[in-house]
Amino acid sequence: MGRTAVTLSGWELDNPVIPASGTFGYGREFAAIYDINCLGTFSFKGTTRQPRFGNPTPRIAECPAGLINSVGLQNPGVDHVLAVELPQMAAYFHKKVIANVGGFSVEDYVEACRRLSQSEQVGLLEVNISCPNVEHGGMSFGVTPEAAGEVTRAVKAVSAKPVYVKLSPNVTDIVSIARACEEAGADGLSLINTLLGMRVDPRTRRPVIANRMGGYSGKGIFPVALRMVYQVYEAVSIPIIGMGGVSTAEDVIEMMLAGAAAVQVGTANLVDPLVCKNIVDDLPQVMDKYGIKELNDIIGGAHHG
């Protein structure tokens, strides 16, 4: 049987399978279905400095090969996560977790990251720079190299844990954003976040989602995500966590060949709550199928045959 362990900035995971933030909550509901300690780790619900109710409803729209969501970072805030969610999580998940962080100003990111990085349960920080910068006209931090670099530098200055920056695909050149984050000190990158999409109801002739547009995710975005991981791998020397439309062990292998050191599974969790367990179970057989003895050996394999 092949070796499934992978490493993210010195942190060894039993396998590369990681449920993505926003699709796994704090793991509690999934832990009632199966032993989630079989996972490499998971990225818990995006956390902001202050509690957020989120966007108005409806927030979800189905579409072929995926869904569109505009939840709006609903979460109880960093104080509650540290005081309640993480201690409760320790009872059913015995590994370190990824803390996904959102913010609407550099100060928001800094304070949430500073506090979460002090938790022994947190293995690394995943900084979501797709959030709007309310101090500069609402433009997302992740759409310019300058803004992405500013957040990265500020968070790195206060974090006691590795910092992975989660990149938006809704940009002209994701490579320039990735390079800016690396130059600003990022320990790794996560990509991709959701694409921007919408649905219109022919009966009401109005957008289905109250916020009109939202993040499109699911199987349909896999080729786009794979392409971006491939491009970024060629441009940076830091680890990449690949995501976007992953739903099978074969997808994990493909994403790692493109350059991912680990792989997150998002929307598929909402379709089948056992999908991550099934991927973990299937990985050894798929590795045997392709003659893979160790997953670490195939990272970036598509770049050199």
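1. The model is a predicted one, in which local features need pLDDT of at least 70, side-chain atom pairs count only at pLDDT 80 or more, and totals for chains, interfaces and linings use all residues. Residues are numbered from 1 along each chain as its sequence is written, and side-chain values use heavy atoms, with hydrogens and water left out.

2. Overall dimensions. The C-alpha trace spans about 50 × 50 × 40 Å along its principal axes.

3. Secondary structure. The protein chain has nine helices and 16 strands. These are DSSP runs, with helices (H or I) of at least four residues and strands (E) of at least two, numbered from the N terminus.

4. Contacts. Among contacts (heavy atoms within 4.5 Å) with a separation of 6 or more, 71% join residues 24 or more positions apart.

5. Leucine 73. This residue lies in the loop between strand E6 (66-69) and helix H2 (78-89). Leaving aside residues up to four places away in sequence, leucine 73 touches Thr48, Arg52, Gly102, Phe104, Asn128 and Cys131. The C-alpha atoms of leucine 73 and leucine 167 are separated by 16 Å, with the two residues 94 apart along the chain.
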